[in-house]
There are 2 protein chains.
Amino acid sequence: MASLSCNVNAGLSYGGPGKPRRMVAVRAETVNPGIRKTEDKVVDSVVVTELAKPTTAYCRCWRSGAFPLCDGTHLKHNKATGDNVGPLLLKKK
Amino acid sequence: MASLSCNVNAGLSYGGPGKPRRMVAVRAETVNPGIRKTEDKVVDSVVVTELAKPTTAYCRCWRSGAFPLCDGTHLKHNKATGDNVGPLLLKKK
């Protein structure tokens, strides 16, 4: 599938009363399309002594259905976009 | 700053020899713009018993200069894009 992706964010910022700055096209991409969007910043904490399994995978693609845990959705995301994101693995030893 | 962001990915996929399928606009955004792009999938492991500090922040915005660790770059990213990503905090207790 041939694909062309363009991400443009045109913004006009004011340099103070009555003095508009030059229009700047800024390339801005969000990372998190839909997880906990009512929160200003999505931060998760893990007390590592409470980890149950020898290895626990935490999501970094922001598309897991089990966020903050990884559920493998990054595979589908990488395939669809050519990206190369993967999880953070916490290992007990 | 007033901003309008559009993400469009136009693709044409073929339904087999000589039969082009309908043009489909697919919204596909990469998460990782530039970290370790030669790797098929960027996976990091942490042996939690080797954590040095009481709390260690791991990057989930894929823009940290200290990746896989967090260096606060998500603040700049969130401000520029209206996103709300933040780190994963590993706590020793």
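Which residues line the largest cavity? The lining is made up of Cys59(A), Arg60(A), Cys61(A), Ser64(A), Cys70(A), Asp71(A), Thr73(A), His74(A), Gly86(A) and Pro87(A). This is a predicted model, in which local features need pLDDT of at least 70, side-chain atom pairs count only at pLDDT 80 or more, and totals for chains, interfaces and linings use all residues. Residues are numbered from 1 along each chain as its sequence is written, and chains are lettered from A in the order in which they are written.

A cavity is a set of points on a 1 Å grid over the protein atoms alone where a 1.4 Å probe fits but cannot get out, and lining residues have an atom within 4 Å of a point. One cavity of 30 Å³ or more is present. Its volume, the space filled by probe spheres set on the points, is about 40 Å³. The lining includes four nonpolar, four polar and two charged residues.

An open sheet of mixed pairing has three strands in the order β3(A)-β5(B)-β4(B), where pairing takes at least two DSSP bridges. β3 (42-47) of chain A and β4 (55-58) of chain B are the edges, each with a single partner strand, so one side of each lacks a neighbour in the sheet. β3(A) and β5(B) (residues 85-91) run parallel and are joined by five bridges. In this pair of strands, Val46(A) stands opposite Leu90(B).

How values were computed
Side-chain values use heavy atoms; hydrogens and water are left out. Helices (H or I, at least four residues) and strands (E, at least two) are DSSP runs, numbered from the N terminus. On a 1 Å grid over the protein atoms alone, a cavity is a set of points where a 1.4 Å probe fits but cannot get out, and a pocket is an open set with protein on both sides within 12 Å along at least five of seven lines; lining residues have an atom within 4 Å of a point. Ala, Val, Leu, Ile, Met, Phe, Trp, Tyr, Cys and Pro count as nonpolar, Asp, Glu, Lys and Arg as charged, and the others, Gly among them, as polar.
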